[in-house]
Amino acid sequence: MGKIIAFANQKGGVGKTTTAINLAAALSERGKRVLLCDFDPQGNATSGFGVDPRSLETSVYDLIVSEDPDTKSGIVQTKWVDIIGANVNLAGAELDLIAMDHREARLKLVLDKVKDEYDYVFIDCPPSLGLLTLNCLCAADSFLVPLQCEYYALEGLSQLMTTVRMVKKNMNTKLSLEGVLLTMFDGRTNLSIQVVEEVKKHFPGEVFSSVVPRNVRLSEAPSHGKPITEYDRMCRGAEAYLSLADEILAKNGKGKG
């Protein structure tokens, strides 16, 4: 049975999409079948694998507004992973969903139809705590929080955890924290080291050992439509995501492929 993991943090620019793309590719290298669902209207997880969001015949928006979604019609195969892509149509989805029955469970309906065909299903959440993110958390088994190593890292995270508690209580009792991933780490600064200590204090036993460094190659890879393991697998960013993939596999008892 496939495990659905949502990548969530309402703060933008924390490495959420970068993590979803590169962890998906790293797990694929380990022999796992991965589906990445882009649920951010910017469509960056879609273009990050070389798929043009404007070229999608069936986007995730089309699937969630359908009463009987044909999920397979929205799956695009790449050389690394399968993708359900997003484009700007998703930007208006919150308004469309308001009038719908089970509006917070539309994405769950879409993903449940195919999740058992994959080892992992990843959802790249939008940087907000609206109805779209609610759909992500209702569909997921767990959520992974990318957290950048900077001064305001923990600010706003309490809002996410409050939302998660509400979802667990009322909509998705099985939702759990997959872990906290520290991103944009710069070992030369005291600040980064202090943030690591503070986050570990707030989330004891929940912080991944793998830490993603501040790395130019990670920033460049999406513009080439490639994950970091293909763009420059010798860089420190690629090493971090391959290491994270092994942690995820060890945690979920699925071993290397």
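I count as a cavity, on a 1 Å grid over the protein atoms alone, a set of points where a 1.4 Å probe fits but cannot get out, and as a pocket an open set with protein on both sides within 12 Å along at least five of seven lines; lining residues have an atom within 4 Å of a point. The model is predicted, so to speak of local features I need pLDDT of at least 70, side-chain atom pairs count only at pLDDT 80 or more, and totals for chains, interfaces and linings use all residues. Residues are numbered from 1 along each chain as its sequence is written, and side-chain values use heavy atoms, with hydrogens and water left out.

**Cavity**

I looked for cavities of 30 Å³ or more and found one. The largest cavity holds about 40 Å³ of space; a volume here is the space filled by probe spheres set on the points, which are joined across faces, edges and corners. Its lining is T18, I21, N22, G48, L218, A221, P222, K226 and P227. Helix 1 gives three residues, the most of any element (helices are DSSP runs of H or I with at least four residues, strands runs of E with at least two, numbered from the N terminus). I sorted the lining into five nonpolar, three polar and one charged residues. Nonpolar means Ala, Val, Leu, Ile, Met, Phe, Trp, Tyr, Cys and Pro, charged means Asp, Glu, Lys and Arg, and the others, Gly among them, are polar.

I then took the largest pocket, with about 470 Å³ of space. Of its 25 lining residues, G13, G15, K16, T18 and M184 are the closest to the centre. Helix 1 supplies the largest share of this lining, four residues. By class I read nine nonpolar, 12 polar and four charged residues.

I traced an open, mixed sheet of eight strands in the order 3-4-2-5-1-6-7-8; two strands pair if DSSP finds at least two bridges between them. Strand 3 (75-77) and strand 8 are the edges, each pairing on one side only. Strand 3 pairs with strand 4 (residues 82-84) in the antiparallel sense over three bridges. I noted D82 in strand 4 as the bridge partner of Q77.

**Aromatic pairs**

I counted four aromatic pairs (rings of Phe, Tyr and Trp, the last by its six-membered ring, with centres within 6.5 Å; planes under 30 degrees apart are stacked, over 60 edge-to-face, the rest tilted). F49 and W80 form a tilted pair, 5.7 Å centre to centre with 40° between the planes. F49 is in the loop between helix 2 and helix 3 (60-64) and W80 in the loop between strand 3 and strand 4, so the pair ties together parts 31 residues apart in sequence.
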